[in-house]
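Here are my notes on the model you sent over. Have it open beside you and work through the points in order.

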Amino acid sequence: TGPFFPDLRTFKKYNCMKNLPILLAAWLLACSPLTAQKTDYRTAYFPHVQLAEMAIIAEDFGGALTYYQQAYSAVNNGFARDYHNAALCAMKVGQPDTAFDFFEKMALKGVTMEHFSKPEFAPLHVAAGWLSFQNRYPDLHDEHLETTDLGYRETLSAMHNLDQEFRTKKGSYAVYRDTIRILDSLNINRFFSLVATRGFPSEELIGTDFPGLPVYNIVLLHHAQHLSIPADYPGWAELSDMLVAAIQAGEVDPFHAVQYLAMQNRKPYHLVSPEILCFRIEGKEQPEYYLSIPTDKTATNTLRASLG
């Protein structure tokens, strides 16, 4: 399962999704009816994706493909990583035309031709539809450019670079801690301002060239890390309301959003299972970083399901 996103081998090794079908079913039944105006991805989309990923773990690729198709039928737009996984499933069950359909959906989000040429898709490179897809790709990419806020994406990319500028210098935190803190504050204030004026930076809004980490990932991750130490960062804005709304609207996938929520170390989003995190800076391990761990697993799993 290595070529899939996320690396589902971890879930298979620790069997940490074994109770999820029951939780997802309970959450679906508990939710109130959706409004006609907006689709709630927490109920319409993400539960099907979770079931698809569990089917992949079980190497039931046909079943996984069915779950993905159920997810896509319920919403206007899926996520690039889910299209990637669905394309692999279609390839494995001998449906290359379906796989190329998912390729086109990824291309319309901005995923590069280099990604489609990767070895994991090798069986598709000799399929009848490969040459046709290659010929169509420039038009698909042009359509992506016409519908994407490239300026917004470039701004977020610049924020990523600013985040890393002093962290990667010799001395890193030991020398530039105050500077890093100031820049992080500027970055997150700008992020909230951008979301308020231009919307949350979803794949539909800013695109993606790779079905993996979003371009803003490191900015939100470091902000959440700061929030986990309230005494050191009093008054810094929490991410919770913004992220929950973005999950509901299908603007961020829970796999990433829940990492930010958990890293904040704020109630009620104690969602993680590791008790200790350890960061490495300039090749040196830093002191252990402790997270508050939930004791009520049933309540925690219900909360996880409520976030998709």
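1. The protein exposes about 15700 Å², and carbon and sulfur atoms supply 53% of that area. Accessible areas here come from the Shrake-Rupley method with a 1.4 Å probe, and for residues only the protein chains shown count as cover. Keep in mind that this is a predicted model: local features need pLDDT of at least 70, side-chain atom pairs count only at pLDDT 80 or more, and totals for chains, interfaces and linings use all residues. Residues are numbered from 1 along each chain as its sequence is written, and side-chain values use heavy atoms, with hydrogens and water left out.

2. Now the overall make-up. The protein has 17 helices and 4 strands; helices (H or I, at least four residues) and strands (E, at least two) are DSSP runs, numbered from the N terminus. How much of the protein is buried? Of the 308 residues, 46% are buried, where buried means under 20% relative accessible area, exposed means over 50%, and partly exposed is in between (1.4 Å probe, protein chains only). Of the contacts with a separation of 6 or more, 67% are between residues 24 or more positions apart; a contact means heavy atoms within 4.5 Å.

3. Just after α6, G94 has a positive phi of about 75 degrees.

4. Stay in α6 and find H84. Is H84 buried or exposed? H84 is buried, with a relative accessible area of 0%. Its side chain makes a polar contact with the side chain of H115, at 3.0 Å. A polar contact is a pair of N or O atoms within 3.5 Å; within protein, one must be able to donate a hydrogen and the other to accept it, and residues adjacent in sequence count only if both atoms are side-chain atoms.

5. Next, look at T98 in helix α7. T98 counts as buried because its relative accessible area is 18%. Setting aside neighbours within four places in sequence, T98 is in contact with L65, Q69 and A90.

6. On to the aromatic rings. There are 23 aromatic pairs: rings of Phe, Tyr and Trp (its six-membered ring) pair if their centres lie within 6.5 Å, and planes under 30 degrees apart count as stacked, over 60 as edge-to-face and the rest as tilted. The rings of F103 and F121 have centres 4.9 Å apart and planes at 80 degrees, so this pair is edge-to-face. It links distant parts of the chain, 18 residues apart: F103 is in helix α7 (residues 96-107), and F121 is in the loop between α8 (113-116) and α9 (122-125). Both F103 and F121 are buried. Separately, Y41, Y45, F46, Y68, Y72, F79, Y83 and F102 form one aromatic cluster.

7. Some charges sit over rings too, meaning that NZ of Lys or CZ of Arg is within 6 Å of the ring centre and within 35 degrees of the ring normal. K92 lies over the face of F61, at 5.1 Å from the ring centre. K169 lies over the face of F166, at 5.5 Å.

8. What does S117 touch, leaving aside its neighbours within four places in sequence? The answer is H125 and W130. S117 lies in the loop between α8 and α9 and counts as partly exposed, at 38% relative accessibility.

9. Helix α16 (residues 254-264) is largely enclosed by the rest of the structure, because 8 of its 11 residues are buried. At its start, a side-chain oxygen of D253 reaches to within 2.9 Å of the backbone nitrogen of F255. N265 follows α16 and has a positive phi, near 60 degrees.

10. Last, a backbone check. Most residues other than glycine have a negative phi. E59, in the loop between α4 (46-57) and α5 (61-74), has a positive phi near 60 degrees. S172, in helix α12 (residues 172-198), also has a positive phi, near 40 degrees. S172 is buried, with a relative accessible area of 1%.
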